Amino acid sequence: MTVMMDTPDVEHRADFQTRAVEPLPELETVAHGQDLTLAGAIADHAALEDALRLEVDMLTALVWAPPQLARSVVEAIIGTHTDRQAGTTTTVLPAGSVLFWRDAHQAVWDTVVTLLDEGSPATPVLVNARLAEQGLTTRTRGIMLEIASPRHGRPVADSADLPYLAAALIDAWYRRGYTALLARMTQVTNERPTAELAGHWTALTTHQQTAETRWLAIRDTLART
């Protein structure tokens, strides 16, 4: 299995310290490619290119979408700003989830979310300006050029594909979680005492069921967007 060792802008996370039945990170969190217990892997170069193209297409549709549609899709994925502040987000992605492989793509997403939370539209100009304020212009120049001048022409005015692209992105998030779950169980099977295995299995099963609840709820909301 090939992981993203050759992708320099994937965020590196802190090393994970193994304990008896450790608190589990979100299985679908993008992390250092060497640790499959924290991140799923993409099996080959073509699949990786497809994943990155999906991210660009989704962000392009999101930025060009009418503000209300963009807000509806964002809230379907991560909840409303009020819900996130209150911590009532059991049916959406948890706070701090990393949804994109490339940190530049994640930065654009985070900026769009911030602008929408402030009640502002997230147009290409406004997103670019906010990225500049954060000192992220160089890092995000490539993705913002693609968003501002899509290679297949400007997206349609109503960004009708946006909910479907968002659903595909959530499917990828969920599938990566299974890769990480299997890697985590392999790790504990190899490293932990026999008496602890049942506890790990229970914790991982609970974690998977929580992720499935989020995935199904998000998919349902997007289907009605």
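These exercises, each with a worked solution, walk through a predicted model of one protein.

In this model, local features need pLDDT of at least 70 and side-chain atom pairs count only at pLDDT 80 or more, while totals for chains, interfaces and linings use all residues. Residues are numbered from 1 along each chain as its sequence is written, and side-chain values use heavy atoms, with hydrogens and water left out.

**Exercise 1. The overall build**

Task: State how many helices and strands the protein has, and what share of its residues is buried.

Solution: 
- Step 1. Helices (H or I, at least four residues) and strands (E, at least two) are DSSP runs, numbered from the N terminus.
- Step 2. Count the elements. The protein has eight helices and zero strands. Read from the N terminus, the order is α-α-α-α-α-α-α-α.
- Step 3. Turn to burial. Buried means under 20% relative accessible area, exposed over 50%, and partly exposed in between (1.4 Å probe, protein chains only). Of the 225 residues, 44% are buried.
- Step 4. Look at contacts, meaning heavy atoms within 4.5 Å. Take those with a separation of 6 or more: 73% of them join residues 24 or more positions apart.

**Exercise 2. Two packed helices**

Task: Describe how H1 packs against H7, and which residues meet there.

Solution: 
- Step 1. Two packed helices are described by the angle between their axes and the distance between the axes.
- Step 2. Define them. Axes are lines fitted to C-alpha atoms, for helices over the stretch in contact, and angles run from 0 to 180 degrees between N-to-C directions.
- Step 3. Read the values. H1 covers residues 45-64 and H7 covers residues 162-191. Their angle is about 145°, and their axes lie 9 Å apart.
- Step 4. Find the hand. A crossing is left-handed if the near helix is turned anticlockwise from the far one by less than a right angle, and right-handed if clockwise. H1 passes H7 in a left-handed crossing.
- Step 5. List the partners. H1 brings Leu54, Glu55, Asp57, Met58, Ala61 and Leu62. H7 brings Leu162, Leu165, Ala166, Ala168 and Leu169.
- Step 6. Sort the residues of this contact. Nine are nonpolar, none is polar and two are charged. Here Ala, Val, Leu, Ile, Met, Phe, Trp, Tyr, Cys and Pro count as nonpolar, Asp, Glu, Lys and Arg as charged, and the others, Gly among them, as polar.

**Exercise 3. Aromatic rings**

Task: Say how many aromatic pairs the structure holds, then classify Phe100 with Trp109 and Tyr174 with Tyr178.

Solution: 
- Step 1. Set the rule. Rings of Phe, Tyr and Trp (its six-membered ring) pair if their centres lie within 6.5 Å. Planes under 30 degrees apart count as stacked, over 60 as edge-to-face and the rest as tilted.
- Step 2. Count. There are three aromatic pairs.
- Step 3. Take Phe100 and Trp109. Their ring centres are 5.9 Å apart and their planes stand at 50°, so this pair is tilted. Phe100 is buried at 1% relative accessibility, and Trp109 is buried at 3%.
- Step 4. Take Tyr174 and Tyr178. Their centres are 5.3 Å apart with planes at 90°, so the pair is edge-to-face. Both sit in H7, four residues apart, about one turn of the helix.
- Step 5. Tyr174 is buried at 9%, whereas Tyr178 is partly exposed at 36%.
- Step 6. Widen the view. Ring pairs link Tyr174, Tyr178 and Trp215 into a cluster.

**Exercise 4. A charge over a ring**

Task: Name the residue that lies over the face of Trp101.

Solution: 
- Step 1. Apply the test. A charge sits over a ring if NZ of Lys or CZ of Arg is within 6 Å of the ring centre and within 35 degrees of the ring normal.
- Step 2. Read off the case. Arg176 lies over Trp101, at 5.0 Å from the ring centre.

**Exercise 5. Apart in sequence, and in space**

Solution: 
- Step 1. Thr60 belongs to H1.
- Step 2. Judge burial. Its relative accessible area is 6%, so Thr60 is buried.
- Step 3. Compare sequence and space. Thr60 and Ile143 are 83 residues apart in sequence, and their C-alpha atoms are 9.0 Å apart.
- Step 4. Thr221 is partly exposed at 28%. Its C-alpha lies 9.8 Å from that of Val92, 129 residues away along the chain.
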